[in-house]
Amino acid sequence: MEAEKTTIMTDTNKFLLVAIVVIAGWLLFELSPVLMPFFIATLFAYLGDPLVDRLESWNLSRTMSVSVVFAVIFIVVALMLLVMLPLLSAQVAKLFSNLPDYLTQTQKLIEPWLNSVGLPTDVFNLQTVKQALSKYWSEFGQVAGGVFSYMTRSGMVLVQWLGNLLLIPVLTFYLLRDWDSLVARFRELLPRRYAEKFIEMSLECDDMLAGFMRGQLMVMFALAVIYTLGLSLIGLELALLLGVIAGLVSFVPYLGLIVGILLAGLAAFFQFGDWLPVLQVAIVFAVAQAIEGMVLTPRFVGERIGLHPVAVIFAVLAGGQLFGFTGVLLALPAASVVMVLLRHAHQRYLDSHLYS
């Protein structure tokens with residue numbers, strides 16, 4: 001009788017756990033637009049907490065340490081928005097204005113090859129594409145003006161956007177200030193029977209996530225700077241845009257290298273009409289990869305086991321598909337937790353009687 005009661009209680013607990021997970025997922029899906037500023041603020045607080053702890057070790061108060069880190073984060077984000085966005089916008093405009101010329105050069109290169117294999121040259125006619133691009137670019141200013149006018153007329157959309165923008169720094173400050181106490185309270189709520197295991201697994205998740213996010217973000221930023229400087233020395237007009245793109249996609253090993261060489265190589269060939277700048281582009285990316293392997297990754301990521309590239313790509317795509325931008329923010333934390341859980345499940349299976 002006692003064993004039967006224990007089994008019923010265990011099944012009830014499992015059912016409650018599944019119900020809580022399902023309800024939490026449903027709420028996350030329904031409230032994702034509202035939760036976006038909270039997730040962004042949580043991300044900033046998570047990234048800034050080690051700096052706050054470091055300042056506290058220098059005998060600064062928690063509030064003073066948070067104020068210093070908050071000011072640094074605010075200044076960095078503001079500079080990126082005020083400096084980088086106009087520069088990147090100018091480079092995107094340059095790219096669109098040059099696209100018709102690039103297509104013309106591409107057609108001139110391909111036509112001799114088509115003739116050599118006996119195919120008609122009109123098989124690869126880019127005139128329609130050039131006309132569409134020219135029409136799009138001439139109408140882009142009108143479309144942008146219409147979007148801005150719509151946002152101005154739609155008061156609620158503008159108010160919500162500004163409200164979210166203002167909420168992020170406020171939430172970041174309070175989360176940074178109370179981060180350690182929030183973590184401590186969460187640990188106090190854990191069932192004592194499983195608390196030690198939960199804490200062990202959470203520390204593993206944090207180590208994996210920190211190794212990927214904090215370390216990889218620094219590597220991505222450093223690579224973007226190196227790519228931009230190297231391509232600028234070559235004289236590439238789109239150096240900043242291509243350097244930033246290659247740096248951003250470098251969170252997947254070798255993807256930044258492949259994408260960067262392809263895009264920058266094409267841009268260099270179209271701009272200079274010669275293969276020597278393409279070779280110089282390859283040298284820039286080869287040097288950057290050598291610096292990443294010998295200096296950046298050992299310095300910022302260390303020996304932590306990061307997420308598998310396939311897991312990263314799937315997590316980002318699945319998160320974006322399910323929950324939009326909020327899902328993209330949650331993708332890597334969720335993937336790190338799943339990877340740790342799978343690792344423990346794998347070990348429990350190896351230790352079980354089923355495997356042996």
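Colleague: Which residues form a nonpolar patch on the surface?

Modeller: This is a predicted model, where local features need pLDDT of at least 70, side-chain atom pairs count only at pLDDT 80 or more, and totals for chains, interfaces and linings use all residues. Residues are numbered from 1 along each chain as its sequence is written, and side-chain values use heavy atoms, with hydrogens and water left out. A patch joins residues with over 30% relative accessible area and no salt bridge, linking like charges within 9 Å and nonpolar side chains (Val, Leu, Ile, Met, Phe, Trp, Tyr) within 5 Å. The nonpolar patch here is formed by Phe74, Ile75, Leu79, Leu81, Leu82, Val83, Leu85 and Leu87.

Colleague: Is Leu87 buried, partly exposed or exposed?

Modeller: Buried means under 20% relative accessible area, exposed over 50%, and partly exposed in between (1.4 Å probe, protein chains only). Leu87 has 43% relative accessibility, so the residue counts as partly exposed.

Colleague: Which side chain does Arg62 meet in a salt bridge?

Modeller: A salt bridge needs a side-chain nitrogen of Lys or Arg within 4 Å of a carboxyl oxygen of Asp or Glu. For Arg62 the N to O distance is 3.0 Å, and the partner is Asp49.

Colleague: How many residues apart in sequence are the parts that Arg62 and Asp49 tie together?

Modeller: Helices are DSSP runs (H or I, at least four residues), numbered from the N terminus. Arg62 lies in helix H3 and Asp49 in helix H2 (residues 32-56), so the parts tied together are apart in sequence by 13 residues.

Terms used:
Accessible areas come from the Shrake-Rupley method with a 1.4 Å probe; for residues, only the protein chains shown count as cover. Helices (H or I, at least four residues) and strands (E, at least two) are DSSP runs, numbered from the N terminus.
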